[in-house]
Amino acid sequence: MDGVNFVIQLGDYNYTIPMKYFLADTMHNSRHDCDVFIQELDQDLTEGTNVVRLGDPFFAAFIPVFDVTNQSLGLGVSARALTDVAVT
């Protein structure tokens, strides 16, 4: 999935992670499986609400930034993020 990105918009910012970081080739009972680290939450949500669990790839790429004075939370690119992760 080279060249395909997962982009999520939160407020005024776009958080970009290459889709290849959300996929893993694993072995289960001597067969190859493909695990995807994005999951829709199975809840009774109001119409028009989309909720997903992004998992470890998102939180390895972005780190929370707490601004106690202004009572806000932001996200920045982690120093441990893999290549092609971006905030725009």
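Trainee: Is Y15 buried or exposed?

Mentor: This is a predicted model. In it, Y15 counts as buried because its relative accessibility is 5%, and the cut-off for buried is under 20%.

Trainee: How many aromatic pairs are there in the whole structure?

Mentor: A search of the whole structure gives 3 aromatic pairs. One of them is Y15 with F62, edge-to-face, at 5.2 Å centre to centre and 85° between the planes.

Trainee: Where do those two sit in the chain?

Mentor: Y15 is in strand β2 and F62 is in strand β7, residues 62-67. They are 47 residues apart, and the pair links distant parts of the chain.

Trainee: And F62, buried or exposed?

Mentor: F62 counts as buried, at 1% relative accessibility.

Trainee: What about F58 and F59?

Mentor: F58 and F59 also form an edge-to-face aromatic pair, with 5.2 Å centre to centre and 85° between the planes. F58 is buried at 4% relative accessibility, whereas F59 is exposed, with a relative accessible area of 55%.

Trainee: Why does F59 count as exposed?

Mentor: Its relative accessible area is 55%, and the cut-off for exposed is over 50%, so F59 falls on that side.

Trainee: Which residues do the ring pairs link into a cluster?

Mentor: Y15, F58, F59 and F62 are linked into a cluster by ring pairs.

Trainee: What else does F58 touch?

Mentor: Not counting residues up to four places away in sequence, F58 touches I8, Y15, I17, F22 and L75.

Trainee: Which residues make up the largest nonpolar core?

Mentor: The largest nonpolar core has 12 residues: F6, I8, Y15, I17, M19, Y21, F22, L54, F58, A61, F62 and V85. Two or more of its residues come from each of β1 (5-10), β2 and α1 (56-61).

Trainee: L75 came up as a contact of F58. Where is L75, and how exposed?

Mentor: L75 lies in strand β8, residues 72-77. It counts as partly exposed, at 22% relative accessibility.

Trainee: Why not buried?

Mentor: Buried needs a value under 20%, and L75 is at 22%, so it counts as partly exposed.

Trainee: What is L75 in contact with?

Mentor: Leaving aside neighbours within four places in sequence, L75 contacts L10, Y15, F58, F62, I63, P64 and V65. Separately, the C-alpha atoms of L75 and V87 are 8.6 Å apart, with the two residues 12 apart along the chain.

Trainee: Back to β2. Where is T16, and is it buried or exposed?

Mentor: T16 is in strand β2, residues 13-18. T16 is buried, with a relative accessible area of 12%.

Trainee: Now the whole chain. How many helices and strands?

Mentor: The protein chain has 1 helix and 9 strands. Along the sequence the pattern reads β-β-β-β-β-β-α-β-β-β.

Trainee: What share of the residues counts as buried?

Mentor: 22% of the 88 residues of the protein chain count as buried.

Trainee: Last one: what share of the contacts joins residues at least 24 apart?

Mentor: It is 31%, taken among contacts in the protein chain between residues at least 6 apart in sequence.

Note on methods: Residues numbered from 1 in each chain as written. Predicted model: local features only at pLDDT ≥ 70, side-chain atom pairs only at ≥ 80, totals over all residues. Heavy atoms only, no water. Helix = DSSP H or I, 4+ residues; strand = E, 2+ residues; numbered from the N terminus. Buried < 20%, exposed > 50% of the residue type's maximum accessible area, 1.4 Å probe, protein only. Core = buried A, V, L, I, M, F, W, Y, C linked by side-chain atoms within 4.5 Å. Contact = heavy atoms within 4.5 Å. Phe/Tyr/Trp six-rings, centres within 6.5 Å; stacked < 30°, edge-to-face > 60°.
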